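Biologist: I've got a structure open on my screen and I'd like to learn how to read it. Can you walk me through it?

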Amino acid sequence: MSSTSEGETPGYLVWRLSTKWRVAVDRAVAPLGLTHAQYALVASLHGMRRAGPRPSQRQLADRTGLEPLYVSKLARALETAGLLERTRDPQDPRAVRLALTEEGSDVTRRAIKVVQRLLQQLLEPLGGLDSERTRDFTRELALLLDTPLHADPEKEQS
């Protein structure tokens, strides 16, 4: 364990790691005209597109863990930049379906390559992106992410 983490709580370390990685991704994708949040949106949309029809903004919000209103704001900005198309769902007029434009697909593919190289670098202390330690780390993170939050932790302690 590094000297910077001695005595620190897991929550604090997760927050620090998240912040460090977010800043690193922001810097890596900035030359492509993206922010980290926009990258998360287009990369998720890219992956979801291969699995089926155009997802809705709500489905994309669920996939990314971002708030639906924030996804809507990001989608509008990406649409203005010509990277994304937003269309009303004919079966549900409240729903907005999303798709990458041709330019959006190109930028997304390039961004994914950039971020994959960055992840290889960031995960080098665990043996790199394809190491057993990284797979174990990923499983542990997924376990924590899949654990539901209680509505009010203060009431649980009373």
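Biologist: How are helix 1 and helix 5 oriented to each other?

Modeller: First, some ground rules: this is a predicted model, where local features need pLDDT of at least 70, side-chain atom pairs count only at pLDDT 80 or more, and totals for chains, interfaces and linings use all residues. Residues are numbered from 1 along each chain as its sequence is written, and side-chain values use heavy atoms, with hydrogens and water left out. Now the general idea: two packed helices are described by the angle between their axes and the distance between the axes. Here, helix 1 and helix 5 pack at about 140°, with axes 10 Å apart. They are therefore oblique to each other (under 35 degrees is roughly parallel, over 145 roughly antiparallel, 65 to 115 roughly perpendicular, and the rest oblique). The axes are lines fitted to C-alpha atoms, for helices over the stretch in contact, and angles run from 0 to 180 degrees between N-to-C directions.

Biologist: Which residues of helix 1 and helix 5 meet?

Modeller: A contact means heavy atoms within 4.5 Å. From helix 1, Trp 21, Ala 24, Val 25, Ala 28 and Val 29 take part, and their partners in helix 5 are Ala 111, Val 114, Val 115, Leu 118, Leu 119 and Leu 122.

Biologist: What about helix 1 by itself: how many residues does it have, and how far does it reach?

Modeller: Helices are DSSP runs (H or I, at least four residues), numbered from the N terminus. Helix 1 covers residues 10-29, so to speak 20 residues, and spans 28 Å from first C-alpha to last, close to the 28 Å expected (1.5 Å times one less than the number of residues).

Biologist: Which residues of helix 1 are buried, and where do they sit around its axis?

Modeller: Buried means under 20% relative accessible area, exposed over 50%, and partly exposed in between (1.4 Å probe, protein chains only). In helix 1, Ala 24, Val 25 and Val 29 are buried. Looking down the axis, the buried residues fall within an arc of 115°, so they line one face of the helix (the arc is taken from the directions from the helix axis to the C-beta atoms). An α-helix has 3.6 residues a turn, so residues three or four places apart point the same way. On the other side of helix 1, you'll find Trp 15, Lys 20 and Arg 27 exposed.

Biologist: What do the buried residues of helix 1 pack against?

Modeller: They pack against helix 2 (36-51) and helix 5 (102-122).

Biologist: And how do helix 2 and helix 5 lie relative to each other?

Modeller: Their axes come within 10 Å and cross at roughly 110°, so helix 2 and helix 5 are roughly perpendicular. Among the residues that meet there are Tyr 39 and His 46 in helix 2, and Thr 108 and Ile 112 in helix 5.

Conventions: Helix = DSSP H or I, 4+ residues; strand = E, 2+ residues; numbered from the N terminus.
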